Amino acid sequence: MYQALYRKWRPQIFDDVYGQEHITSILKHETETGKFSHAYLFCGSRGTGKTTCAKILAKAVNCEAPINGSPCNKCASCMAIDAGIATDVLEMDAASNNGVDNIRDIRDEVVYTPSSLKYRVYIVDEVHMLSGSAFNALLKTLEEPPSHVVFILATTELHKLPATIVSRCQRFDFRRISTEVLMERLSYIADKEGIKYDNEALRIIAKMAQGGMRDAISLLELCAGTRGDITPALVVETLGTGGREELENTVKAISSGNFDAIFSIIDSVVRSSKDILVFWQDLVAFYRDMLVIKTTSNAGNYLDLTETETERLKKTAALFTKETLIYHCRMLDDAFYTMQKSGSAKRTVAEMALIKMSDTTLDFSPDAILSRISKIENSLAVGIRMPQNTASDISVETEAKEQEKKEENEKGDAAQIPTKADTADDTLRVLRGWNEIAERAASGDMAALAFMRQGRAFTDQNGRIYIRFPNDFALSMVNKAPHADNIRAALCLTLQRDIKDSELVFGVISGEEEEETDLDDLNF
């Protein structure tokens, strides 16, 4: 009868357990010296070797001729345990046997000596599933068991175990297995099974397994079912996951605001065999990698990538600020939660989220505004002009000429409001949307908003902005930190351009000036 690869290649000695040397070395020493514990607790994520080590340990303590702390797998005891006919080794699944009666049966049995082996071993898998009364029944037996009994408890959720149980066991934490170790084991199994493969394909399988050896071997078997060579393209098609190139293209489309590319990518995901939720999880992981690149100095320590992949990731991450990446990660997380409940509307949710990520002006949340401000600050720091999407955009050459004019005009008192004589050849134009700008700048401060709304904003042909108030008191309440800085930031967001302090002038409207410019007739 055919046997699944993960069962066929399950380790039979401690030396064959990959990625858990910090545990197997201790267990080998204890069984070799005969100084093993009466109760063990194996905890860790699925497929990392908990049950495998429990079975090896059960054989090791009963082996008639152990070799370096591992079972010989040739004596009568080892063969009986492997065949599942050893009545002194009991495996129990606590998920389906979690009642107090099941534990009472064990408590009644432990008083009897083993029938054929040296030790009676109880392996309780998923022990966290036991009920409260079952834990209480197990507690006393676990604390003072007979000398011929060994308990091995395994769990994937350590936090659900009572502290009284944990404290009575020798605890071992099974780590997620690294991609390199998984690849090494997969290549060994593939060679033995006559499976032809590509190393990059094994890397994709290992990463998909997320640190679990059993999952990795199962995925290898699934891909090998085509009876052809295991290639990266085959793995992507079989497992329903997109490659890094597709994720990179998605991120670049978001950065450039290429809506056509975004809709095309989502359409290809929906039409293919890939699950859009799997694609979304891959995209979240890609953003996580970019955030690591952006925030750490030793990103290689936290990324499971090749050098080539790391270099490409650095170039992609350079398209975003740290604040934008965090904003995008939150949007991806919110969309993923929504997609899980949206049923057939997953596609629409995904498209809407990516569009909003591409154009932050569609979102007025604090995170979106912070993302936009960070872009402006980054552009100021590197001396690059922000791209503008308004009809009033001007070329870089024209801006340079205007900048020269500004510098000449600013040689005088830049902070002084120009009089009519000063602006005889420069007509001030009303800056529309001041109330909206004031609301953004106030950031919920209603007192500040009340004074800001009293102001009126104008702009001249050189791009300077004049904000005038009806009296000195209103001016003094606004022209100070942090309100002045908030107003400048709000103007930058609204006008989609950089505004220097020298280009923003606060002042009071004089009576003569108000009459001559007919300010009262202007509607804001």
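Helix α13 passes helix α17 in a right-handed crossing, the term for a near helix turned clockwise from the far one by less than a right angle. The model is predicted: local features need pLDDT of at least 70 and side-chain atom pairs count only at pLDDT 80 or more, while totals for chains, interfaces and linings use all residues. Residues are numbered from 1 along each chain as its sequence is written, and side-chain values use heavy atoms, without hydrogens and water.

The axes of α13 and α17 come within 10 Å and cross at roughly 155 degrees; axes are lines fitted to C-alpha atoms, for helices over the stretch in contact, with angles from 0 to 180 degrees between N-to-C directions. The two helices are therefore roughly antiparallel, a label for angles over 145 degrees. Contact denotes heavy atoms within 4.5 Å.

| Helix | Residues | Residues in the contact |
|---|---|---|
| α13 | 259-271 | Phe 259, Ile 262, Phe 263, Ile 266, Asp 267, Val 270 |
| α17 | 346-358 | Arg 347, Ala 350, Glu 351, Leu 354, Ile 355, Ser 358 |

Of the residues in this contact, eight are nonpolar, one is polar and three are charged.

Elsewhere, four strands form an open sheet of mixed pairing, ordered β6-β7-β8-β9. Strands are DSSP E runs of at least two residues, and helices are H or I runs of at least four; two strands pair if DSSP finds at least two bridges between them. β6 (429-430) and β9 (504-508) are the edge strands, each with a single partner, so one side of each lacks a neighbour in the sheet. β6 pairs with β7 (residues 456-459) in the antiparallel sense over two bridges, and Arg 429 stands opposite Thr 459 in β7. Helix α23 (residues 483-495) lies across β8 (465-469) and β9, at about 125 degrees to β9.

Terms used. Parallel < 35°, antiparallel > 145°, perpendicular 65-115°, else oblique. Nonpolar A, V, L, I, M, F, W, Y, C, P; charged D, E, K, R; others polar.
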